[in-house]
Amino acid sequence: MKKMLLLLPALVWLWSCGGAGKAHPPSTLTITSLNNQSLDARFTAGFTQKTGIAMQVIPTLESATDRLEQYRELLKEQSSTPDVLVLDVIWPGMLADDLVDLKPYLGNEMGVYFPELVKDGTVEGRLVAVPFVRDVGLLYYRSDLLREYGFSRPPRSWRELERMAARIQVGERRKGHANFWGYVWQGAPYEGLTCDALEWQASAGGGRIIENDGIVSVDNPRAAAAIQEAAHWVGTISPPGVVQFEEYDAWNVFRAGRAAFMRGWEWYYHASQAPGSLLRGKVGVTRIPGGGVLGGSMLGVSRFSRHKKEAIQLVRFLTGQKMERQRLLRREVLPTLPVLYREPAVQPGDSGLAALEHAVSYQVIARPSSIAGAKYGQVSRAYFLAVHSVLTHRQTAVRALAALQPKLTQIVGQTAK
Ligand code: GLC
């Protein structure tokens, strides 16, 4: 015993200065939040259990646009925390210079992920972000109300959606639900509006703002008509306040049973089926007419991290097949590995996975983040501000898009090929 006590300080010293050539383990590894406390807690606890490395989650802001600013500030200050960043799929091109190239460590493992996500994480040949969660825009509806109002299936076009939403809204208000609305979505001036509006215009054949060859295509009559149409929804089938709705605002109205339809992301489905949810068994999910925008999260390691080795270990742990499978089976978030969608445990017939089937069998629309690269933030901001000015009736869509076109051309002029 005495011998042990004498040995102890030596062991501690060896450990603290790296022992047998090993790197000094961090006292705490930091990661930004997924904005979902139970997922954050589970992810980090699992890693600590496996490695003994303590984890701390850094809170982030709700809006993707605000979160990007927060990250930019941290990286500008060369902050050594967070070590690992949860990144929106559209950010790698903007933050690439401050992210570690993971290719030498994880490059060989990328063949198993959705290629479009790996492409999003690769900037000028460097793998700066690894696919973590796949997400796609979906249309949610109250299946009980559709039945009650005599609709045998969800809408396939915006016109149908408008008609159904209006009819259900009138009927529910007659029943005394004064605050009931037909359709809720994300209309605040932030990244979420870029997603919604891109879906409107893409479904109308109005292009993708900037096409893959770098041509700015936003000023076209189809895009203008689609955005103008959405402006008519404000105050008719959608609450006037929708022009300030972010993700949780729309979700809160829908989950309180106050809307017939909602545009949302995949994770809302699992939330709607959670124990205690008002909506259990009453929600259907289908494709957005014309397809949904591709969303999701990637993981990157900060160039300023002092624990890069462990940070890479965490990225590998969180994005590995075992963890992705666990999250899928727990109905938490969608995996980024196509093979998991073919798992026997997640085959159709499981109503909880209706959303999932749609997400894979489905036309996804990519935002022009790869083509705009580091300029995507400016492109998206100019676009959502222009769309917002139409939704709030400050100008017509035709005028807004005509003014936006040269602005976007100027922004991407330097980078577009
Ligand atoms: C979701 C998507 C993300 C998108 C954001 C917009 O978080 O996963 O890609 O940018 O919503 O609000």
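Biologist: How many aromatic pairs are there by the rule you use?

Modeller: A pair of aromatic rings is described by the distance of the centres and the angle of the planes. Rings of Phe, Tyr and Trp (its six-membered ring) pair if their centres lie within 6.5 Å, and planes under 30 degrees apart count as stacked, over 60 as edge-to-face and the rest as tilted. By this rule the count here comes to 11 aromatic pairs. For Phe-43 and Phe-132 the ring centres are 5.6 Å apart and the planes stand at 65°, so this pair is edge-to-face. Helices (H or I, at least four residues) and strands (E, at least two) are DSSP runs, numbered from the N terminus.

Modeller: Please keep in mind that this is a predicted model, in which local features need pLDDT of at least 70 and side-chain atom pairs count only at pLDDT 80 or more, whereas totals for chains, interfaces and linings use all residues. Residues are numbered from 1 along each chain as its sequence is written, and side-chain values use heavy atoms, with hydrogens and water left out.

Biologist: Are Phe-43 and Phe-132 buried or exposed?

Modeller: Buried means under 20% relative accessible area and exposed over 50%, with partly exposed in between (1.4 Å probe, protein chains only). On that scale both Phe-43 and Phe-132 are buried. Another edge-to-face pair is formed by Tyr-71 and Trp-91, with 5.2 Å from centre to centre and 75° between the planes. Tyr-71 lies in helix H3 and Trp-91 in the loop between E3 and H4, so this pair ties together parts that are 20 residues apart in sequence. Tyr-71 is buried, with a relative accessible area of 0%, and Trp-91 counts as buried at 2% relative accessibility.

Biologist: Which residues do ring pairs link into a cluster?

Modeller: The cluster consists of Trp-158, Tyr-183, Trp-185, Trp-200 and Trp-233, linked by ring pairs.

Biologist: Where does the charged end of Arg-134 sit?

Modeller: A charge sits over a ring if NZ of Lys or CZ of Arg is within 6 Å of the ring centre and within 35 degrees of the ring normal. The charged end of Arg-134 sits over the ring of Phe-114, 4.2 Å from its centre, while Arg-173 lies over the face of Trp-181, at 4.4 Å from the ring centre.

Biologist: What is the volume of the largest pocket, and how should I read such a value?

Modeller: Rolling a probe the size of a water molecule over the atoms shows where empty space is left. On a 1 Å grid over the protein atoms alone, a cavity is a set of points where a 1.4 Å probe fits but cannot get out, and a pocket is an open set with protein on both sides within 12 Å along at least five of seven lines; lining residues have an atom within 4 Å of a point. Grid points are joined across faces, edges and corners, and a volume is the space filled by probe spheres set on the points. The largest pocket has a volume of about 610 Å³. Its lining holds 32 residues, of which Leu-34, Arg-67, Asp-135, Trp-267 and Ser-297 lie nearest the centre. Among the elements that each supply at least two lining residues are helix H3 (64-76), strand E6 (130-136) and strand E11 (292-301).

Biologist: How many cavities of 30 Å³ or more are there?

Modeller: The count comes to two cavities of 30 Å³ or more. The largest cavity holds about 40 Å³ of space, and the residues that line it include Leu-34, Phe-43 and Val-86. H2 gives the largest share of this lining, three residues. The second largest cavity has a volume of about 30 Å³, and it is lined by Val-89, Ile-90, Asp-120, Leu-294, Ala-366, Arg-367 and Ser-369.

Biologist: How many helices and strands does the protein have?

Modeller: There are 18 helices and 12 strands in the protein, and buried residues make up 53% of its 417 residues.
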